[in-house]
Amino acid sequence: MAAPPAIDELVLLTEAAEEAGRIARHYWRRQPKVWDKGGGLGPVTEADLAVNEALARALLGARPGYGWLSEESPDDPAARQAAARSFILDPIDGTRAFIEGQEGFSHAIAVVEGGAVVAAVVHLPVLGLTYSATAGGAALLNGEPIAATRHPLPGARVLANKAAMNAALWRGGVVPEFRREFRPSLAWRLCLAAQGRFDGALSLRPTWEWDVAAASLIAERAGAAVSDRHGAAMRFNNPHPQVDGLIVAGQPLHDALLAALEPAG
C-alpha cells in the first residue's frame with residue numbers, strides 16, 4: 001500500500017496536536033500530579049501521560065502500521081525501525097515550563113520515513129501558534145508562510161541554553177559575539193528561528209529526537225540550514241534516538257557558528 005500523501009499526514013498531525021492542546025490546557029495551572037523520572041531525565045506530569053495516550057490513540061488508530069517513538073512511551077527500536085514510517089513526538093515539550101504555569105510549552109509531532117521527516121507540526125496551545133511543514137512544501141505559522149533570517153554572526157540573536165556559552169566549547173576559548181536568549185521548549189526555539197523572530201537556535205549537547213524532529217523540518221523548509229553540531233545532516237529514528245547537538249540558522253550564521261566551534265572529540 002502506498003504511503004499517504006504528505007498533506008494528508010499534515011492534516012492528521014494538526015488535528016492530533018489540537019486535541020493534545022485541549023487536554024494539556026485542562027491540566028495547565030491546575031497543579032497536575034508530578035513525578036521525577038530519575039536518571040536525570042527530569043519531571044513528568046499526569047498531563048504528559050494523558051496527552052501521550054490521546055496521541056497514541058489518534059495517530060496509531062489512523063496509521064496502525066507506523067512505528068512509534070515518544071518521550072513518554074517505552075521504546076521498541078526494532079519495531080519502529082522495521083516500519084516504513086514512524087511517528088516521533090514529544091507530548092509536552094517544555095514540561096518544566098508547563099509545571100510552572102508558563103505559556104511556552106508545545107506539542108511536537110513528526111512523521112519520519114527513511115530517516116527524514118516528511119510531515120511535522122509544533123503546536124503551542126496557550127499561545128495559539130501552530131507551525132507546520134511537509135518535505136515538499138513551505139513552512140507555515142497558522143497557515144501563513146514563514147522564513148528564516150540571513151543575519152551574520154556579530155549581533156545575531158541566538159536561542160540557546162547556558163551550557164552553550166561555555167568557552168571551552170569554542171575555538172581559542174572565545175565565545176562568538178551573539179546575543180543568547182532562551183525559550184523553554186526546544187521545538188519552539190527552532191520554530192522561532194524558522195519564523196525569523198530569532199536568527200538561530202543552538203544546542204551543543206546530545207539532544208533527544210522527539211525534541212527536534214518536527215521542528216527541524218519546519219526550520220529547513222523556512223530556509224534555515226539545519227545540522228548537528230558537526231555540520232552533518234540530522235537523521236531520525238536511530239536505534240539510540242539522539243542527535244549530537246544542533247545548529248539551526250540562516251546559512252551565513254550557521255556556517256559562522258560551525259566554524260567557531262571547537263571540534264568535538
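Contact here means heavy atoms within 4.5 Å. Leaving aside neighbours within four places in sequence, Ile146 is in contact with Tyr131, Ala139, Leu140, Leu141, Ala194, Gln195, Ile218 and Ala222. The model is predicted: local features need pLDDT of at least 70, side-chain atom pairs count only at pLDDT 80 or more, and totals for chains, interfaces and linings use all residues. Residues are numbered from 1 along each chain as its sequence is written, and side-chain values use heavy atoms, with hydrogens and water left out.

Ile146 lies in the loop between β9 (144-145) and β10 (156-160). Helices (H or I, at least four residues) and strands (E, at least two) are DSSP runs, numbered from the N terminus. Ile146 is buried, with a relative accessible area of 13%. Buried means under 20% relative accessible area, exposed over 50%, and partly exposed in between, with a 1.4 Å probe and protein chains only. Ile146 and Gly200 are 54 residues apart in sequence and 14 Å apart in space, C-alpha to C-alpha.

Move on to Ile218, one of the contacts of Ile146. Beyond its neighbours within four places in sequence, Ile218 is in contact with Ala120, Val121, Val122, Tyr131, Ser132, Ala133, Ala139, Ile146, Cys191 and Ala194. Now the core. A nonpolar core is a set of buried Ala, Val, Leu, Ile, Met, Phe, Trp, Tyr and Cys residues joined through side-chain atoms within 4.5 Å. The largest one has 42 residues, and Val122, Tyr131, Ile218 and Phe236 touch the most other members. At least two residues of this core come from each of β5 (106-113), β6 (116-124), β7 (129-134), α5 (186-195), α6 (209-221) and β14 (242-249). Apart from it lies another core, of 28 residues, including Ala24, Trp68, Phe105 and Ala119. In soluble globular proteins, nonpolar side chains tend to be buried together.

Val122 sits in strand β6. Its relative accessible area is 0%, so Val122 is buried. Leaving aside neighbours within four places in sequence, the contacts of Val122 include Ser106, His107, Ala108, Leu129, Thr130, Tyr131, Ala187, Cys191, Ala214, Ala215 and Ile218. The C-alpha atoms of Val122 and Leu190 are separated by 9.9 Å, though the two are 68 residues apart along the chain.

Just after α5, Gly196 takes a positive phi of about 85 degrees.

A pocket is found on a 1 Å grid over the protein atoms alone, as an open set of points where a 1.4 Å probe fits, with protein on both sides within 12 Å along at least five of seven lines; lining residues have an atom within 4 Å of a point. Of its 28 lining residues, Asp93, Arg96, Arg189, Arg205 and Asp211 are the closest to its centre. Strand β12 gives the most to the lining, with 5 residues.

Next comes helix α2 (residues 46-62). At 1.5 Å a residue, its 17 residues should span 24 Å, and its end C-alpha atoms are 24 Å apart, which agrees. The expected span is 1.5 Å times one less than the number of residues. The buried residues of α2 include Ala47, Val51, Leu55 and Leu59. Thr45 caps the N-terminal end of α2, with a side-chain oxygen 3.1 Å from the backbone nitrogen of Ala47.

Glu9 is in helix α1. With a relative accessible area of 0%, Glu9 is buried. Its side chain makes a polar contact (a pair of N or O atoms within 3.5 Å, one able to donate a hydrogen and the other to accept it) with the side chain of Tyr66, at 2.6 Å.

Gln31 has a positive phi of about 50 degrees although it is not a glycine, and Gln31 is exposed, with a relative accessible area of 76%. Asn237 has a positive phi of about 70 degrees and is not a glycine either, but Asn237 is buried, with a relative accessible area of 10%.
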